[in-house]
Amino acid sequence: MKDTIKILAIETSCDETAAAVVEFDVKSMMIKPLSSVVFSQIDIHKKFGGVFPELASREHIKKIEPVVTEALASALVESRKYKVESKNSHLLPSTLNLLLSGIDAVAVTVGPGLIGSLIVGVEFARGLAMTLNKPMIPINHLEGHVYSCFPHQSLVANHQSRQPAFPLLALVVSGGHTMLVLMRDHLNYEIIGTTLDDAAGECFDKIARMLGLPYPGGPALSRLAEKGDTKAFSFPRSMLNSGDFNFSFSGLKTAVFYKLRDLGLVDEKAEPIKSVQETSENTPITNHQSLITKAGVAASAQRAIVDVLVKKTFAAAEKYKVKSILVGGGVSANKLLRDTFSSVIASTHDNNQEVKQSHPEIYLSPLDLTGDNALSIAIAACYRYQNGDTSSWKNLDANASQKLITNHK
Ligand code: KG4
Ligand code: ZN
């Protein structure tokens, strides 16, 4: 086995076409990101208010080659300071060969996700692995969100960083998933809690839609919430004291719907109603009131989601006596969520020196790795590679409902 290898990773599980290259020192476990390219389809899906699966896979087909080529070209520049004339698509085959020649393994997200989207990434990766005669590394999308929280070289001064200690608890919060995962070791997953209905990101998106905000709703709702009062409305914190670590967000969504309907801000189908005042330029005061009300709804709903996520995570952390807490997935970009996790730790530290010793360390996913990207997939792939979890291009398939797979050594 070579001491240092290069892994190309591809991610196309939903509406981001992404590729990344990392250099991995197998002995020291040092991971050096060489490139990460993400093409987001948000502008394409915006007009539908959500991801339109058929369009997503078509767009992946258009973008996969230019995105992979750009990731390879940037990686070559980074690793050899080699001058590449164009980072754009459709390079000459000889240039592409040169770029690919340094790749030792091809990692790809195999699931969960939209099947038409996953297939594009998996088949493109399969073609490359077959041509290069290199192993493939199948990665679970949620595993990518978990491993985005493990510090890698570019984040670390002097190449030294504390890695999360085991056992650890990972909160994965995205548009499709909300789960608490207990990890006693690398690649060893026990799902101790999951959502019984909507995912946290889905709840953000649906409430944002009722408030007339653009897709994806999470970031837009969070911006509106900054102008609102978190105590303006009292919304439920479902399953906060359920005694287990499962979540439920559909009750909150319904409570927000009833409130907005009573306020005359949505119709019976939960579609936002543009009031006469809002459409008129001559009623700035009423406009202002409507904005304050909506901002209050956004702030109160966001607070309710964050309260449940943070409290349940800490309750589980205490029960399982974990040493670290990881927070990853699209929703982990949320400022209130990040600030709340950090401040709970800070306040405990201030008040109790003894607890300070035993309190878990928090590892929030770096902001640029919270959403879907291939660098997170590449980081997970390094651990899989080290564990011998590679696969031939012949034995690998996309799986829309793939579960987190625990490693049994
Ligand atoms: O991980 P991700 O990019 O895709 C999935 O795997 O689902 O997560 C997307 C989700 C969306 O629901 C989006 O609204 C949410 O993450 N999100 C946020 C924020 N940024 C993205 N939710 C709340 N606050 C944010 N700042
Ligand atoms: Zn995701």
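A donor here is an N, O or S atom within 2.8 Å of the metal; water is not among the atoms, so a site may look incomplete. The model is predicted. In it, His141 (NE2), His145 (NE2) and Asp372 (OD) coordinate the zinc ion (ligand 2) at 2.1 Å. Along the chain, the donors follow the spacing H-x3-H-x226-D.

Helix α5, residues 141-147, holds both His141 and His145. They sit four residues apart, about one turn of the helix. Both side chains can be checked against the burial cut-off, which is under 20% relative accessible area. His141 has 8% relative accessibility, so His141 counts as buried. His145 has a relative accessible area of 3%, so His145 is buried too.

The structure holds ten aromatic pairs. One of them joins Phe150 and Tyr383. Their ring centres are 5.8 Å apart and their planes make an angle of 50 degrees, so the pair counts as tilted, a class that lies between the 30 and 60 degree limits. Phe150 is buried because its relative accessibility is 1%. Tyr383, with a relative accessible area of 7%, is buried as well. Ring pairs also build a cluster from Tyr147, Phe150, Phe166 and Tyr383.

Now turn to a helix pair. Helix α6 (residues 200-210) and helix α7 (residues 217-225) have axes that come within 8 Å and cross at roughly 65 degrees. The crossing of α6 and α7 is left-handed. On the α6 side, the contact uses Phe204, Asp205, Ile207 and Ala208. These meet Gly217, Gly218 and Leu221 of α7. By class, the residues of this contact are four nonpolar, two polar and one charged.

Which residues does Gln302 touch, leaving aside its neighbours within four places in sequence? Its contacts are Phe204, Leu221, Ser222, Ala225, Asn334 and Leu336. Phe204 and Leu221 also take part in the meeting of α6 and α7. Gln302 itself is found in helix α10, residues 284-319. Its relative accessibility is 7%, so Gln302 counts as buried.

Terms used: Residues numbered from 1 in each chain as written. Chains lettered and ligands numbered in written order. Predicted model: local features only at pLDDT ≥ 70, side-chain atom pairs only at ≥ 80, totals over all residues. Heavy atoms only, no water. Donors = N, O, S within 2.8 Å, 3.2 Å for Na, K, Ca; no water. Helix = DSSP H or I, 4+ residues; strand = E, 2+ residues; numbered from the N terminus. Buried < 20%, exposed > 50% of the residue type's maximum accessible area, 1.4 Å probe, protein only. Axes fitted to C-alpha atoms, helices over the stretch in contact; angles between N-to-C directions. Left-handed = near helix turned anticlockwise from the far one by under 90°. Contact = heavy atoms within 4.5 Å. Nonpolar A, V, L, I, M, F, W, Y, C, P; charged D, E, K, R; others polar. Phe/Tyr/Trp six-rings, centres within 6.5 Å; stacked < 30°, edge-to-face > 60°.
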